[in-house]
Amino acid sequence: MTKRYARSLYWFTHDLRLNDNPALTAAQDSSAAITFCYVLDKASLTRGRYGMPALGQHRLSFILQSLHDLQRQLQAQGHTLTVRVGEPLDEMAQLISTLQVDAVFGALQAGVYERRRWQQLQQRFRFLDFHQLPNSTLLSEDDLPGGLQQLAASFSQFRKPLEPLAERFTKQALAAPNWQHRALSVNASADLPEAGESWLAGGETAALQHLQRYFSSAAPGRYKETRNALDGFDQSTKLSAYLAHGNLSPQQVINALRDYEQQHGENESTYWIAFELLWRDYFFWYLLRYQEQVFAFTGVAGRKPQTTFYPTRFKQWCAGQTPYPLVNACMHQLNQTGYLSNRGRQIVASCLVNEMAVDWRYGAAYFEQQLLDYDIGSNWGNWQYIAGVGADPRGGRHFNIDKQTAQFDPDGHYIERWKGQQTRQLDVNDAADWPITAN
């Protein structure tokens, strides 16, 4: 990018970090003065999809912790982080007008509403330059096998042309921030709300500390064997929340992984960490490619599941009051911490769709509210996968709950810890449970 701007605005969204942030680096390299901002969507605290608030307390606390950390880092460089609470489009328009900037920079986002807001800003301020750069994926659009419009219909088809992953995703130099620009001040910037506690500390500083600690341990070398465990902090990487909020970049994880392999050697487990990062990439481009179809009842596959909306069943599932102790334990852990293992997520999603016959979109929306590591593409893409309306050639996944319990909690320790014992029988003939079609 060769054009030079006198005054720029950088809009932080799901990229709450300074290091290895290509969009931020591009803004810094091409601007004489910059204001950094973040807008917390006030509506997300009170409403979202299907009548549920989109942003629950767990994720809100993590975001606020990340913003406080980002603010401290910017202040150390003589800058401030302008935080607004309101409707993002309105708040951004006001900032642009107040500051009289020449350009707006931000991270490429795949979400429908996020893209729509960016486009509306461009239409409203046609005389400005807008720059969005991908900074949350390993692949760029040019790297996609066949291009975005020919995105593979399944992850396996997507992955095969990219193998071997060890050669495709190598250690790379990281984009570094520079501070050769002046700070633009904003009057009447909202005070950043205090952050509550969360199960995992948010922010770039905490993320880098965790990355170093994890790859200094023996855990990466046994990841494939432990990743399906229902509980235990070191059984999985615990990097997903940091990646979802952009406290870390995928390339930073790859660099740490390759350093680990150089010291300890490659194995199936280290391969699987890169494999999981590629899944994240796939769902980002999947959402960008299919947009509204990712949220549709029939999904990208155009198949209508044999489900509907049963209010009582859905409420019992959310509260962990189903006939299935393992499902109850999983939901209790999710509600109390904002975290649930990958295996646990698959089990409870399969239960809602297959045992309880509830519309998968309500489960996806509840996960959106509760998950600390909510990532829009991964969440909705994985729910489609379970429901059989997405990127799954087998047409869905149905997990046998008794078998899953015997395999992953044979001694009942997890169920006991999270109080999953059955609390109330589900009466499928309950008159209050009459289906409300939600197609």
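This is a predicted model: local features need pLDDT of at least 70, side-chain atom pairs count only at pLDDT 80 or more; totals for chains, interfaces and linings use all residues.
Me: OK. How many salt bridges does a search of the whole structure find?
Reply: The search finds 16. A salt bridge here is a side-chain nitrogen of Lys or Arg within 4 Å of a carboxyl oxygen of Asp or Glu.

Me: Which residue does R116 pair with?
Reply: R116 meets E292, at 3.5 Å from N to O. R116 lies in helix 4 (residues 112–124) and E292 in the loop between helix 11 (268–290) and helix 12 (311–319), so the pair ties together parts that are 176 residues apart in sequence. Helices are DSSP runs of H or I with at least four residues, strands are runs of E with at least two, and both are numbered from the N terminus.

Me: Is R116 buried, exposed or partly exposed, and what about E292?
Reply: R116 is partly exposed, at 36% relative accessibility. E292 is partly exposed as well, at 48%. Buried means under 20% relative accessible area, exposed over 50%, and partly exposed in between (1.4 Å probe, protein chains only).

Me: What does R345 bridge to?
Reply: To D373, with the closest N and O atoms 2.9 Å apart. R345 sits in helix 14 (residues 342–355), while D373 is in the loop between helix 15 (360–370) and helix 16 (376–387), so this pair ties together parts 28 residues apart in sequence. Both R345 and D373 are buried.

Me: Which residues are linked in a network of salt bridges?
Reply: D41, E87 and R117 are.

Me: New topic. How many cavities of 30 Å³ or more are there?
Reply: One. The largest cavity has a volume of about 60 Å³. On a 1 Å grid over the protein atoms alone, a cavity is a set of points where a 1.4 Å probe fits but cannot get out; a pocket is an open set with protein on both sides within 12 Å along at least five of seven lines. Lining residues have an atom within 4 Å of a point. Grid points are joined across faces, edges and corners, and a volume is the space filled by probe spheres set on the points.

Me: Which residues line the largest cavity?
Reply: Among them are W199, K238, Y339 and D373. The lining divides into six nonpolar, two polar and two charged residues. Ala, Val, Leu, Ile, Met, Phe, Trp, Tyr, Cys and Pro count as nonpolar, Asp, Glu, Lys and Arg as charged, and the others, Gly among them, as polar.

Me: How much space lies in the second largest pocket?
Reply: About 1100 Å³. Of its 45 lining residues, H14, D41, E114, R117 and E368 are the closest to its centre. D41 and R117 also belong to the salt-bridge network.

Me: Last one. Where is S66, and what does S66 touch?
Reply: S66 is in helix 2 (residues 57–76). S66 counts as buried, at 0% relative accessibility. Leaving out residues up to four places away in sequence, S66 touches L16, G202, G203 and N247. Contact means heavy atoms within 4.5 Å.

Notes:
Residues are numbered from 1 along each chain as its sequence is written. Side-chain values use heavy atoms; hydrogens and water are left out.
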